[in-house]
Amino acid sequence: MSKFLNTINLPEDLRKLQPNELPQVAKELREFIIEIIATKEGHLGASLGVVELTIALHYSFNTPKDLLVWDVGHQAYGHKILTGRKNVFHTNRQIDGISGFPKRSESSYDTFGVGHSSTSISAALGMAIASNLNGDFKKQHIAVIGDASIASGMAFEGLNHAGVTDANLLVILNDNAIGIDPSVGALKNYLTRAKVGQKPKQDNIIEALNFNYHGPIDGHDINALLNAFEILKNKKGPKFLHVITTKGKGLRQAEENQVKYHAPGKFDKLTGDLLPKDDAILPPKFQDVFGLTLVELAKKNKKLIGITPAMPTGSSLKNMMKAFPDRAFDVGIAEQHAVTLSAGMATQGFTVFCNIYSTFLQRAYDQVIHDVALQKLPVVFCLDRSGLVGEDGATHHGVFDLAYLRAIPNLIIFAPRNEIELRQILYTASLGLSLPIAIRYPRGRGNILNWKTDFKKLQIGKGVELKRGNTIAILSIGAIASQVTEAISNLKDEHMAAIGHYDLRFVKPLDEQLLHNIFKNYNTIITIEDGTISGGFGSAILEFANMHSYKATIKILGVPDSFIHHGKIEELYDRCELSSSKIKDCLLSLL
Ligand SMILES: Cc1ncc(C[n+]2csc(CCOP(=O)(O)OP(=O)(O)O)c2C)c(N)n1
Ligand SMILES: CC(=O)[C@@H](O)[C@H](O)COP(=O)(O)O
Ligand SMILES: [Mg+2]
């Protein structure tokens with residue numbers, strides 16, 4: 001039974017309580033998060049770990065006047081619940097519901113939109129400098145950042161700048177020694193030593209950057225947090241509070257299996273046990289086809305390297321990290337570094353598979369151009385989570401990759417239609433290419449149970465005819481082909497015969513011979529991609545038609561030129577008119 005939580009709608013209600021009542025609020029808030037996430041799913045461990053910190057922050061600071069920025073924002077469920085969204089929290093990450101991340105349009109307490117990591121220090125510093133310029137020297141600006149996120153380049157850039165300002169900035173390091181997977185790197189080792197007091201004060205790297213350092217303190221001790229905030233509020237300039245927490249705090253399984261309970265799916269709210277999934281009869285996830293195939297290829301090719309920026313589990317590179325620890329690297333949340341590191345290794349004759357979620361490669365665009373493509377270094381980019389990713393929403397959809405990569409010279413771009421094609425292109429790339437390649441594949445599972453076929457080399461730049469027709473040709477790229485196949489199969493026979501379906505496979509180089517054949521034989525062309533229509537695959541086909549003066553009617557299906565929010569992938573496909581039923585409607589309207 002909730003004693004306090006029901007009485008709290010906004011932080012001002014929280015502030016009416018006595019400090020000694022806050023631990024009970026923490027207990028109720030934890031139970032509430034667990035209860036909802038057990039059935040609605042989402043990021044669990046990070047939010048459970050900062051329950052006390054969240055309460056203490058809103059209790060001690062005058063939010064939303066004082067500005068609080070959460071890094072990544074996957075730990076901000078408690079913040080959402082305490083800032084007016086308790087009654088809609090059950091809609092978290094659901095279509096038309098609230099976002100799983102802080103979002104400015106959702107609440108004045110969400111001071112900055114997040115989802116990608118390591119932006120909080122720069123954003124809060126920007127706000128703090130702006131307050132100084134506005135003559136508001138009382139306002140507090142707080143960035144809460146995790147131990148994995150603070151090791152990223154952007155966070156260092158923010159710290160480096162902040163240290164030479166008089167900005168009223170408080171950086172709170174929420175140190176739980178883990179990202180999604182265990183944190184890595186020299187900074188992690190430093191923080192581990194700092195926690196047990198092994199580092200003498202003069203070696204404090206945060207103080208060396210001109211921050212007023214406080215800590216480390218127990219982040220589950222509300223009194224300790226409140227005391228620290230009172231001290232730091234009255235200090236001028238940049239301040240740093242090092243807080244130690246346990247990810248998953250308060251749910252035994254989430255504490256014991258922090259990787260799994262980062263975002264565990266459905267579970268029993270009382271026991272914490274994961275609800276059983278009937279995985280046995282399902283096709284594999286694309287990420288596992290990547291991860292397991294890479295191990296096979298690494299056995300054959302001693303010069304094969306695997307790299308992930310902080311996503312060994314999500315990308316399944318963990319398989320190679322286990323099998324070949326010397327040749328597989330988790331470099332932390334460092335996408336730019338991951339790309340240039342790959343380029344450096346490629347200069348020395350290594351075949352580097354650099355696996356980055358499509359959305360996070362956006363961080364390393366210049367590195368792809370300047371360090372890889374310009375130098376024709378044959379790095380193999382494996383872009384997982386391409387296309388619409390579902391409940392993570394606008395910050396995480398991998399829908400821009402085809403458009404932003406297509407503009408880069410020297411880069412091959414491939415999207416497998418299914419698991420077997422992914423396996424074959426990985427094999428092809430492992431044999432050595434003369435140019436870099438981006439292989440983009442979606443979140444989730446394909447359709448093929450027996451994907452472990454013999455290796456076969458693919459011909460670069462070759463598309464395939466999947467079905468011949470005579471009136472309308474559908475040109476698809478990647479796994480969205482399955483929606484097209486389903487749409488065609490749901491047509492009446494007389495309509496079905498009119499439709500041809502071609503999988504171009506390569507956005508670059510395009511299969512020009514196949515395209516000439518298509519344009520000569522069909523008067524209507526539909527292109528379809530699970531990426532933005534602005535500058536993507538469809539645009540490439542339009543440019544081709546234009547260049548060769550083909551007069552066919554061309555219709556481009558894809559993600560419209562707007563940010564797509566969260567929801568199940570199927571729901572979002574439908575909204576973007578990419579579901580098989582919407583494709584069928586489109587075909588019927590054109591026939
Ligand atoms: C630029 C970027 N790369 C990767 C991710 C994926 N990601 C989300 S949370 C996370 C780990 C964050 O760890 P930490 O900062 O320690 O926070 P915690 O989960 O421990 O609270 C990662 C790698 C991301 N959101 N943004
Ligand atoms: C918050 C964040 O960026 C990650 O936790 C992301 O949600 C992982 O996505 P997947 O679940 O697709 O691995
Ligand atoms: Mg962490």
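Predicted model: local features only at pLDDT ≥ 70, side-chain atom pairs only at ≥ 80, totals over all residues.
1. Residues are numbered from 1 along each chain as its sequence is written, while chains are lettered from A and ligands numbered from 1 in the order in which they are written.

2. Where domain 2 and domain 3 touch, the contact takes 25 residues from domain 2 and 28 residues from domain 3 (two residues are in contact if their C-beta atoms, placed from the backbone, lie within 7 Å). On the domain 2 side, helix 18 (401-406), strand 10 (412-414) and strand 11 (437-442) each give two or more residues; helices (H or I, at least four residues) and strands (E, at least two) are DSSP runs, numbered from the N terminus. Helix 18 supplies the largest share, four residues. By class, this side of domain 2 has 14 nonpolar, five polar and six charged residues. Here Ala, Val, Leu, Ile, Met, Phe, Trp, Tyr, Cys and Pro count as nonpolar, Asp, Glu, Lys and Arg as charged, and the others, Gly among them, as polar.

3. Now to ligand 1, which 21 residues surround, the closest being Ser117, Gly146, Ala148, Ser149 and Gly179 (near means a C-beta atom, placed from the backbone, within 6 Å). Its shell holds eight nonpolar, nine polar and four charged residues. Domain 1 and domain 2 both contribute to this shell, so ligand 1 lies between them.

4. Ligand 2 has a shell that includes His43, His74, Arg385, Asp392 and Arg443. Four nonpolar, three polar and three charged residues make up the shell around ligand 2. Again, domain 1 and domain 2 both give residues, so ligand 2 lies between them.

5. Finally, a sheet worth a look: five strands form an open sheet in the order 1-2-3-5-4, with parallel pairing (two strands pair if DSSP finds at least two bridges between them). Strand 1 (67-70) and strand 4 (212-218) stand at the edges with a single partner strand each, so one side of each is left without a neighbour in the sheet. Strand 4 is joined to strand 5 (residues 239-244) by five bridges, and Ile217 stands opposite Val243 in strand 5.

How values were computed. Domains from an automatic or database assignment.
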